[in-house]
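Let's take a walk through this structure together. Have the sequence and the 3D view handy as we go.

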Amino acid sequence: LMKRKQKGFTLIELLIVVAIIGILAAIAIPNLLTAMQRSRQKRTMADMRSIATAWEARATDLNQYNAAGLTWPAANTPITTTIGGSLQPTYIKRVPVYDGWSTVFNVGVSTSSYSILSAGANRVFEQSGNTNTPGTTNDFDCDILFSEGTFMVYPEGVQSQ
């Protein structure tokens, strides 16, 4: 009688492979989530720069940041009810309305200044108007504030989740 040679993996070999895959997944998934949040942040900041560039071009033409005859509240208001319609299509083809986390951008404006605000990853506006503490933070949940041609508040560096 000839013995039939068995082919396949032993239970130990399969358990080792599953354990290795589990370890790799435990390392890779947090890095993936951080990369996704950072990409949303970078997209949001790029959109804010685009809005600001269009707004600056409009202000150059009209010599003021707000629309003629409109008085907007000092508190931040959604971009859809304020400057959005005044910028497109003349100064920007389409004004970005939502940030990377699907929250509407808020803006604040007067005749001589403007601000664009994103709620950040937590979708809650903690900052308002001119009460922002300038600088960077390592928290994705912080608001992102663009005002007077620069980012006043934004997350940077190693992010905390």
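How many aromatic pairs does the structure hold? There are four, where a pair means rings of Phe, Tyr or Trp (its six-membered ring) with centres within 6.5 Å; planes under 30 degrees apart count as stacked, over 60 as edge-to-face and the rest as tilted. Before we go on, a word on the source: this is a predicted model, in which local features need pLDDT of at least 70 and side-chain atom pairs count only at pLDDT 80 or more, while totals for chains, interfaces and linings use all residues. Residues are numbered from 1 along each chain as its sequence is written, and side-chain values use heavy atoms, leaving out hydrogens and water.

Start with Trp55 and Tyr114, a tilted pair at 4.9 Å centre to centre with 35 degrees between the planes. Trp55 sits in helix α1 and Tyr114 in strand β3, so this pair ties together parts 59 residues apart in sequence. (Helices, H or I with at least four residues, and strands, E with at least two, are DSSP runs numbered from the N terminus.) Tyr114 also pairs with Tyr65: the ring centres are 5.0 Å apart and the planes are at 45 degrees, so this pair is tilted. Tyr65 lies in the loop between α1 and β1 (77-78), so here the parts tied together are 49 residues apart in sequence.

Now for the core. The largest nonpolar core has 25 residues, and those with the most contacts inside it include Ile51, Trp55 and Tyr114. Such a core is a set of buried Ala, Val, Leu, Ile, Met, Phe, Trp, Tyr and Cys residues joined through side-chain atoms within 4.5 Å. Its largest share, seven residues, comes from α1. Beyond its neighbours within four places in sequence, Ile51 is in contact (heavy atoms within 4.5 Å) with partners including Ile79, Leu87 and Ile116.

One more stop: Ser118, in strand β3. At 0% relative accessibility, Ser118 counts as buried. Leaving aside neighbours within four places in sequence, the residues in contact with Ser118 include Thr44, Trp101 and Asp143.

Notes: Buried means under 20% relative accessible area, exposed over 50%, partly exposed in between (1.4 Å probe, protein chains only).
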